[in-house]
Amino acid sequence: MTNPEREAFAAEFDVSRETLARLDRYADLLTEWQQRMNLVGPSTLPHIWDRHFRDSAQLLPIAGTGQRWLDIGAGGGFPSLVLAILDPTCNIMLVESITKKCTFLSTVAHETGTHDQIIVTNARIEDTKATHFDVITARAAAALDTLFAWSTRFAGPGTRWILPKGARVQEELATAAKRYHFDHELIPSRTDSAARIVVASKVRLAASGHMGVKRR
């Protein structure tokens, strides 16, 4: 039976049959493991291709291929495992504190042939050894100011934060600007008209009491 969301995804991102087969395997594993643990919202399972795969894949054209990614609070593997499947030239460290979710992530990486690109770290981000990444991302892990607090030590001069955010993005930006200087742009989400993708750079602690947001 044809899945219209799957077909639309393949057309939108120009996905090969081999890559689609890997994503099919990911979808099967997600459905199977969801019965044992909460990886995604149960109501979103019938719409994996749009709500999770497409929502993750939209970050790749923004970042470009061949990037070194850090995914904070990787959970069910979004966006990182989708990005790894779509871009075999990228490398991603997934940080997740819940052991059974790390087991799921490692299983998907092996089953989809992305294990050479992936490092799954079973730890809190605060306890993870710092190294620099090209791109830092997180999906529904924390508010923007918290993500900056967790991740600035993983950033080099050219690091970008590419962060999917919901309808309260302006509120999160205003709160973050009380503590941090940063440049940013907002890119409309392909999957939710009210959502935006925050692309931030040059994130650094601001002097107390000074607003630090600069829009490009």
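Reader: Hi! What volume does the second largest pocket have?
Author: Hello! This is a predicted model, and in it the second largest pocket has a volume of about 190 Å³.

Reader: Which residues are closest to its centre?
Author: The second largest pocket is lined by 14 residues, and Gly-73, Val-95, Glu-96, Ser-97 and Trp-150 are the closest to its centre.

Reader: And what does that lining look like by class?
Author: The lining of the second largest pocket has seven nonpolar residues, three polar ones and four charged ones.

Reader: OK, now the largest pocket. What is its volume?
Author: The largest pocket comes to about 620 Å³. Its lining has 27 residues, with Arg-51, His-52, Asp-55, Arg-139 and Ala-140 closest to the centre.

Reader: Which elements give two or more residues to that lining?
Author: Those are helix H3 (48–57), strand S5 (155–165) and strand S7 (196–205). H3 has the largest share, with three residues.

Reader: How many polar and charged residues are in there?
Author: The lining of the largest pocket has 11 polar and seven charged residues, along with nine nonpolar ones.

Reader: Changing topic: how many residues are in the largest nonpolar core?
Author: That core has 43 residues, and Phe-9, Tyr-26, Phe-53 and Phe-104 have the most contacts inside it. Several elements supply at least two residues each, including helix H1 (4–12), helix H5 (80–86), strand S2 (91–96) and helix H6 (99–111).

Reader: Which element has the largest share of this core?
Author: H2 does, with seven residues.

Reader: What is Tyr-26 in contact with, leaving aside its neighbours within four places in sequence?
Author: Quite a list! Tyr-26 is in contact with Phe-53, Gly-76, Gly-77, Phe-78, Leu-81, Val-82, Ile-85, Phe-104, Val-108 and Thr-112.

Reader: And what other core lies apart from the largest one?
Author: Another core, of 24 residues, lies apart from it, and Ile-136, Ala-155, Ala-176 and Ala-177 are among its members.

Reader: Last topic, Thr-121. Where is Thr-121 found?
Author: Thr-121 is found in strand S3, which covers residues 118–122.

Reader: Buried or exposed, and why do you call Thr-121 that?
Author: Thr-121 counts as buried because its relative accessible area is 18%, and the cut-off for buried is under 20%.

Reader: Which residues is Thr-121 in contact with, again leaving aside neighbours within four places in sequence?
Author: Thr-121 is in contact with Met-93, Leu-94, Val-95, Glu-96, Cys-102 and Thr-128.

Methods: Residues numbered from 1 in each chain as written. Predicted model: local features only at pLDDT ≥ 70, side-chain atom pairs only at ≥ 80, totals over all residues. Heavy atoms only, no water. 1 Å grid on protein atoms, 1.4 Å probe; cavity = no way out; pocket = protein on both sides within 12 Å on 5 of 7 lines; lining within 4 Å. Points joined across faces, edges and corners; volume = space filled by probe spheres on them. Helix = DSSP H or I, 4+ residues; strand = E, 2+ residues; numbered from the N terminus. Nonpolar A, V, L, I, M, F, W, Y, C, P; charged D, E, K, R; others polar. Core = buried A, V, L, I, M, F, W, Y, C linked by side-chain atoms within 4.5 Å. Buried < 20%, exposed > 50% of the residue type's maximum accessible area, 1.4 Å probe, protein only. Contact = heavy atoms within 4.5 Å.
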